[in-house]
Amino acid sequence: MTGIWGRPDTAVVRWLAAAVLALGAALSGAGQAGAAESGPRDTTQKYFYVPLHLTKKTAPDTWLPLSFAHKGPSRDAELTVDASGIRQVAALAPGSEQVIDRCKPRMPSFTCSVRLNSETESLLKFRPVDGARAGDSGVLRYTLTADGLPAARGSVKVIAGRPELRVNKRPLSGDLDVGRTADVPILIRNTGDVSARGIVLRIDDTEDLSTTARHSNCRYPGDGESGLAVQCLLPDAVIAPGETWRVTPGLRVRPSRHAAAEYLSYGAWPYDTSGPGSGGSCCVDHRDPGLTPGEGVPLSLVRDSAGGEGTTFTTDREPTRTDVPVRNTADIEAFGPSVRGEVGSVHRIRIGYRNNGPAAMQEVRTVFIVPPGAKVTKAPYDAEAEEEMLDQVCGTKDEGRSYTCVSGGRIGQEVSYDFTLRITDDDSRSGCVTVSGWTAPGPNGTRVKDTRRSNDRAPVQVAKNGSFSCALPDRDGVSGWAVGAGIVAVAGAVLLVVGHRRRKTCTSGRRPTPWWTRFERELPPAGG
């Protein structure tokens, strides 16, 4: 372009270029906005099983969530439901039992105002109709509309009856050796009214007891990931009522060098089921992004030739959990202080232990025998435990003559407990700290073999040449007695705290996670 003096008008050129770029950006933005808000997408399950027998246990199964995904701003929408196609199977529960705000769902059709968000879910409650038989089915249809957006239409096949899958219990027996592979047979039985079409299998192990193969139809957590279960999908599997099938190839697990007391948990659920223990909603349509698929031969099902005879199965939808003891050893090293002071002096001391491995302990019990010439004026205290009405990590059952403390035993970790002592007389006898590793809390645990018993005890000295004994001193004519298992048994009540403490401190395996329980909703019971 040339100006009035015959020179290019650079200002005009720049203005035109800027205008073109702005127009292009506007058009591009409009296109992106249109693409981003393309209308709601139906994400509702394709099958809905209505239980034929209404009980408190089956109450969660009577709810069907109509679900939609939407990329765009929140807006008002209308949900229209046509239930005329399920008259012979199920009926909507009375309006007083429904939970959609400002809406009274009813037969045979209705329309409700709802709010369209990124994840919209409208719950409908159903009941089986009189005369419905297992396997009867019909189609529920619905449409979600919002001004300016394409409508989302969908349908659900409603089936009278419900598949109920159970798995075998106690697949392993005896202790496993470190590094040695063990076979874990998994059997699935349908105890429900109708066939299960599509199976979700979830397996939860620990960091030190893991599966040896990675199947292509399973998704696995990464190395070091905790709190995630293996998820396996078998969409073509069908298990009729009363049938028992076996997972093939069989599961194989191997305990690592640090294993001691591990566990294995697994469960199976039909696709498109709801309520506690639901498998489909969490694994089929909403796959965990933290999991990656395997590359090995896929898992499948074969009919069990024995029909599960002689096998004990679970009695509800929850997964089975099997404790897996592992033959391993650990060196637990005790430590105690040395204090000096006049009668009446007060001293803060620290006792404890170090787990030198190789086994990671589910529980390490530390017993502190107080020196006869001293008295504990302050023991370890946890305000959180007090608030939750739990026992303290350290406790006494003999008026302060001894204390038992409990915690997990991470490899290389030094665990200490702070006490405050007051010297009460000139008795020069030392106190004692003894430690022991256990496979499980309380009476269910067995002691882990210690490869170096010489450092399981340490003195708590109050004099330079005080005698060293790990027995309670005589008092009021009562004979002293050895610490070992005896003192631990007497202090057994202290171990009640383990259920709380172990969750917070134990790292011998991944923290058990109730992955089988679906998000709990506060819903009315089946009968209203």
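## A first look

A contact here means that heavy atoms lie within 4.5 Å of each other. With that in mind, residues 24 or more positions apart account for 82% of the protein's contacts with a separation of 6 or more. Please keep in mind as you look around that this is a predicted model.

The protein has 528 residues, and 48% of them count as buried. Its secondary structure comes to 5 helices and 33 strands.

Mean pLDDT for the protein is 81, and 78% of the residues reach 70 or more. Two stretches call for some care. Residues 274-281 stay under 50 in pLDDT, and the model gives them 34 contacts beyond four places in sequence. Over residues 476-528 the pLDDT is also below 50, and this stretch has 135 contacts in the model beyond near neighbours in sequence. Where pLDDT is low, the predicted coordinates should not be read in detail.

## Strands side by side

Strands of a sheet pair through backbone hydrogen bonds, either parallel or antiparallel.

Elsewhere, 3 strands make an open, antiparallel sheet in the order β12-β19-β15. Its edges are β12 (182-184) and β15 (209-211), each of which pairs on one side only. On average, neighbouring strands of this sheet are turned by 35° against each other, direction ignored. Strand β12 meets β19, residues 251-255, in an antiparallel pairing over 3 bridges, where Val 184 stands opposite Leu 251 of β19.

## Charged partners

Side chains of opposite charge can pair when their charged atoms come close. Across the whole structure, a search finds 20 salt bridges. One of them joins the side chains of Arg 127 and Glu 97, at 2.5 Å from N to O. Arg 127 sits in strand β7 (residues 119-128) and Glu 97 in the loop between β5 (90-92) and β6 (109-116), so the pair ties together parts that are 30 residues apart in sequence. Arg 127 is partly exposed, with a relative accessible area of 26%, whereas Glu 97 is buried, at 6%.

Another salt bridge links Arg 317 and Glu 164, at 2.8 Å from N to O. Because Arg 317 lies in the loop between β22 (300-303) and β23 (320-327) and Glu 164 in the loop between β9 (152-160) and β10 (165-167), this pair ties together parts that are 153 residues apart in sequence. Both Arg 317 and Glu 164 are buried.

## Back to β25 and β30

The side chains of Arg 348 and Asp 418 also meet in a salt bridge, at 2.7 Å from N to O. Arg 348 belongs to strand β25 and Asp 418 to strand β30, so their pairing ties together parts that are 70 residues apart in sequence. Arg 348 is exposed, with a relative accessible area of 63%, while Asp 418 counts as partly exposed, at 24%.

Finally, salt bridges with shared partners join Asp 61, Arg 162, Glu 164, Arg 166 and Arg 317 into one network.

Terms used. Residues numbered from 1 in each chain as written. Predicted model: local features only at pLDDT ≥ 70, side-chain atom pairs only at ≥ 80, totals over all residues. Heavy atoms only, no water. Helix = DSSP H or I, 4+ residues; strand = E, 2+ residues; numbered from the N terminus. Buried < 20%, exposed > 50% of the residue type's maximum accessible area, 1.4 Å probe, protein only. Pairing = 2+ DSSP bridges. Axes fitted to C-alpha atoms, helices over the stretch in contact; angles between N-to-C directions. pLDDT = per-residue confidence, 0-100. Salt bridge = Lys/Arg side-chain N within 4 Å of Asp/Glu carboxyl O.
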